[in-house]
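Please look over the sequence and the 3D structure shown here before reading on.

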Amino acid sequence: MTAKGTGVVTSSTISSGVPPELPGAPSNLVISNISPRSATLQFRPGYDGKTSISKWIVEGQVGVLGDEEEWVSLYEVENEPDAQMLEIPNLIPYTYYRFRMRQANIVGQSPLSQPSRVIQTLQAPPDIAPGSLTVRTASETSLWIRWMPLPDAQYNGNPESVGYRIKLWRVDLQSPVLMKIINDRLEREYTIEDLEEWVEYELQIQAFNAIGAGPWSDVVRSCTRESVPSAPPENVSAEAVSSTQILLTWTSVPESEQNGLILGYKILFKAKDLDSEPKAQIVRGNHTQSVLLASLRKYVLYEIQVLAFTRIGDGVPNFPPVIERTKDDAPGPPVRLVFPEVRLTSVRIVWQPPEEPNGIILGYQIAYRLATSSPNTFTTVEVGSTVRQFMATDLSPESAYIFRTSAKTRQGWGEPLEATVITTEKRERPAPPRELRIPQSEVSSKSLQLHWIPGSDGSSPIRYFTVQLRELPNGEWQTYSSSVNHETTSCVIERLNPFTSYKLRLKATNDIGDSDFSAETEAVTTLQDVPGEPPRSVSVTPHTTSSVLVQWQPPKVESLNGLLLGYRIYYRELEYETGPGTESKTIKSPSALRTELTQLKKYKRYEVVITAYNIIGESPTSTPVEVFVGEAAPAMAPQNIQINALTASQLEITWDPPPIDSQNGNIQGYKIYYWDVDSQNDTEKVKVLFLPETTVRLKNLTSHTKYMVCISAFNAAGDGPRSSPRQGRTHQAAPSAPSFLAFSEITCTMLNVSWGEPTAANGILQGYRVVYEPLAPVQGVSKVVTVDIKGNWQRWLKVRDLTKGVTYLFRVQARTITYGPELQANITAGPAEGSPGSPQEILVTKSASGLTLHWTEGDSGNKPTTGYIIEARPSDEGLWDMFVKDIPRSATSYTVSLDKLKQGVSYEFRVVAVNELGYGEPSTPSAAVSAQMETPFYEEWWFLLVMALSSLILILLVVFALVLHGQSKKYKNCSTGKNISNVEESVTLDNGGFAALELNSRHLNVKNTFSKKNGTRSPPRPSPGGLRYSDEDICSKYNGAVLTESVALNEKPMEVSESEATDSDYEDELPKHSFVNHYMSDPTYYNSWKRQQKGVKPPTSYRYEECAATETEPYFQTVITTQSTGGVYTPTGQPAPSSRTPVTGFSSFV
């Protein structure tokens, strides 16, 4: 309750004395009465918690549905505790929904119900019109329209059916309405063509879908651009007022065809059949409508056209042209006067009509006299207009005569052409002109003057000269004129191209013929001229809100007329009544093709023209281009693009807007371009975000696929540049089912199953799972076998535990991060129908190297037998396996090498025949045969044992003989005076080491020998108490060289038990390395040993006798040891030398 009154009452019923509980979840959700914006939800209420339900809450998934989509609250209803049906309002047309709900009481909310089925609301016409409609002048006959497309949520129907309709009409006339249809729902702009120039239009736009159209937008207005007149001036007439003047008059262009402000008129005229290009004369202003054409050629037919022009350019000229001829006048002189036939008393004269007849030629007059006679004593003859030659007779031989020829029109006789001839028969062709030169002062951009000195006339006067020129570097020689007056020594060459190099040559012609051409002139280059054409393809586009970008292409090379220095851009604010002055910008680089005009006024229209210039001047201006300043697309792309994989089908894209100073207005949205890395042209898609948000989710992507993403921002003026592509990858997902499942080599107990790689791996394939089981229990047991195969390379499995005649179900599925769907098929084990019967009479024979199977052919079945296979079953495994394949059909036996079988294992074999229909019934198994190979007697164990014992006895005998021989030698060379008990043992080692055997007066048991790498046994460690050394006691076979280069004394440690060696000499551990090796292998030790004095016989603890074998003999070393009470070491067989201090380093043996 407030001061305004009591609000809505909310009530809840509570049973007294019963505490309320949380309610249960609703169930049995059913959707009905689906319309574009609502649906009816029926349900069964859940447990009420011992109190009334106070609220119903409906949640839904909207749009793209899946486990990853979030649930949003759609509708809540209060104070309807007994409701079992709810009308869900405010749904979006043509949108997928899935609902769930919960109920609430005074304690709280219930758990959520199970989701309903997925529904789609019906379609409806769009609710709104496209926004931000603007229109600009695109050209003289077109308007450019731009709008904000409908957001996805406003389509209200199938997106493929969404489009836009534009309605346009003239403001000033009751003209028909024009309609334009755009079927692309993402289109943001459109240009309407074929409009009338300089006309104001109004237009509207609406959106539509398959159901209907939405509302129209507000009306906008714009005018097409000024253009050239589309019609010529009317009532064009021409009248010749003299032989060189024509008066031309006309009336204005119809107002509806003017298409702008008429700035003046242009008259185009040329002599018919004589001039290739017309000349132009301009009349400024719209009020002058007549002109007098002067300096025309006499009695020439002229074609005359008139056109009007605006600031945009020239309109169309009148057609057909007005034809008018100037009045006649006295003609010019005949040309090419020659005397091809000259005798002593007669000459024949030939001429051509005047180049300027100036009327109709009525006849010719020939006058001649002696050159030495009076100037007025001519003999005159008149001939008709068709006559071109005359024979003069009764002349004086070897005399000079002057001939004059003139033509006649209605206006009288014209100027005569005079020539001199000598009545002689001694004539020849003239010499060519010489010393051709072109002064640089007489060279201009389109003309030059050629000077020369005539050559010899060959006793016949020169009648005319012919001039030829060639354009460098690759032009052909062309005749410029073949009627240059014979009296002149220079000629002006016109109609040349500016800034072009030429060479010229000249020849003379007399009555006999032409001379040779003169030598060519030096190359001469005409001067530069202003460029003949403006820059091409001029475009002006907004760059920022106060600048525009001007781009162009250079003029054609042939129209440059010199060295291009740069460009000048002229621009002005476009106001038809009062416009400010024109501004300009000079680009001093001929290679520049773009520039930016800055600091322009916002929301103004500008006109831009461009010229090219060189050192001489500027070209004509280009066609004016209009541009609207104040709106510009973003100049830079979005920044810091990040791509995060959310799921196997979704990527999240985040970015930062373009820098503020490059946005050129408010960012209206973004375009996200994305495509599969491997196929951009086929998979590129665009998602348009019509909100200035900086994050978006790309959905419905392919799992475990690399995508490239780039983004552009757009505003009211258009799209900005795209960002650099960034790469992202979706997560892995379960693969699709294997592409195929096939069986081969089907026998009664085994088969091969193979499968294809999934068409959509959706990740890295980790392996496969094969599950097979019988469709019906076998002997009451239904065994399910599951085999997991790691890796993707093996896509097959050999199954060997099948039962004949049983049908099995095989299921195969691939695995990435999880297993995908199964592909399954049934197969029956056993011989196929029509396959061969079982081979007969199976027999196995054994030889020293192998087993041979023999059989006879059985029933071939419905098709001929194509071959055989052999199956084997080892006794240690029990399963039949295919052992040999592809045995020819003609074979009835096969030998198996024992090397391919396990030794000591017995095998059973059976043979299966094969035809086109499959594997047949197997034969009965053969008897079990052992694969044990029969070894020769010398490989038997008993033989090897006898040989080993014999070798041992022989070795002992040799050792005993050597010991006896050594003892006898010792008593001869050494006087020990002691009773010594000697035992000798000789051991031959594989690696050439020596054996050490320790002897004691007591019985010594050798317990164990540890073998080192070199396989030797070390001698007992000598007592360090009083050792003496002598190099004379070494066996005579040892010498410094032998010991240094070839003797290596190695050891093999011997372990002696404590009970067997109780003397102090054995209390310490055995030496780690050989005493003899340590001291005998280095010659510096035994070369330093001093002899003991004769007669001195120190006590001896141990005695060693060592012999070095040659390199070519086996290396045997025998060591004999004795034990006494002394501690001095003396080599066996040497006199006892005097004692010496122990060698440094011996302590390492202690």
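A residue is called buried when its relative accessible area is under 20%, exposed when it is over 50%, and partly exposed in between (1.4 Å probe, protein chains only). Helices (H or I, at least four residues) and strands (E, at least two) are DSSP runs, numbered from the N terminus. This is a predicted model, in which local features need pLDDT of at least 70 and side-chain atom pairs count only at pLDDT 80 or more, while totals for chains, interfaces and linings use all residues. Residues are numbered from 1 along each chain as its sequence is written, and side-chain values use heavy atoms, with hydrogens and water left out.

**The chain as a whole**

- The chain has six helices and 70 strands.
- Of its 1150 residues, 44% count as buried.
- Contact means heavy atoms within 4.5 Å. Among contacts between residues at least 6 apart in sequence, 68% join residues at least 24 apart.

**Confidence**

- The predictor's confidence in each residue is its pLDDT, from 0 to 100. The chain averages 81, and 82% of the residues score at least 70.
- Confidence is highest in strand S2 (residues 39-44), at a mean of 95, and lowest in strand S70 (residues 1118-1120), at 31.
- Over residues 974-1150 pLDDT stays under 50, and for this stretch the model has 331 contacts beyond four places in sequence.
- Where pLDDT is low, predicted coordinates should not be read in detail.

**Strand S32 and its partners**

- Strand S32 (residues 464-471) has seven of its eight residues buried, so the rest of the structure largely encloses it.
- Two strands pair if DSSP finds at least two bridges between them. S32 is joined to strand S33 (residues 478-485) by five bridges, and the two run antiparallel.
- Six residues make up the hairpin that joins S32 to S33. Gln468 has Thr479 in S33 as its bridge partner.
- S32 also pairs with strand S35 (residues 501-509), in the antiparallel sense and over eight bridges. Here the bridge partner of Arg470 is Lys503.

- Strand S23 (residues 347-352) and S26 run antiparallel and are joined by four bridges. Val347 stands opposite Ala392 in S26.
- Another open sheet has the order S59-S60-S63, and its pairing is antiparallel.
- Five bridges pair strand S60 (residues 850-856) with S63 in the antiparallel sense. His854 stands opposite Ser893 in S63.

**The largest nonpolar core**

- A nonpolar core is a set of buried Ala, Val, Leu, Ile, Met, Phe, Trp, Tyr and Cys residues joined through side-chain atoms within 4.5 Å.
- The largest one has 23 residues, and those with the most contacts inside it are Leu248, Trp250, Ile267, Tyr302 and Ile304. Elements giving two or more residues to this core include strand S16 (246-251), strand S17 (264-271) and strand S20 (301-309).
- Beyond four places in sequence, the contacts of Ile267 include Leu248, Trp250, Val291 and Ile304.

- Thr526 is in the loop between strand S36 (524-525) and strand S37 (536-544). Its relative accessibility is 2%, so Thr526 counts as buried.
- A polar contact is a pair of N or O atoms within 3.5 Å; within protein, one must be able to donate a hydrogen and the other to accept it, and residues adjacent in sequence count only if both atoms are side-chain atoms. The side chain of Thr526 reaches the backbone nitrogen of Phe499 at 2.8 Å, and a polar atom of that side chain lies 2.9 Å from the backbone nitrogen of Thr500.
- Val627 is in strand S43 (residues 625-629) and counts as buried at 7% relative accessibility.
- The C-alpha atoms of Val627 and Ala138 are 8.7 Å apart, although 489 residues separate them along the chain.
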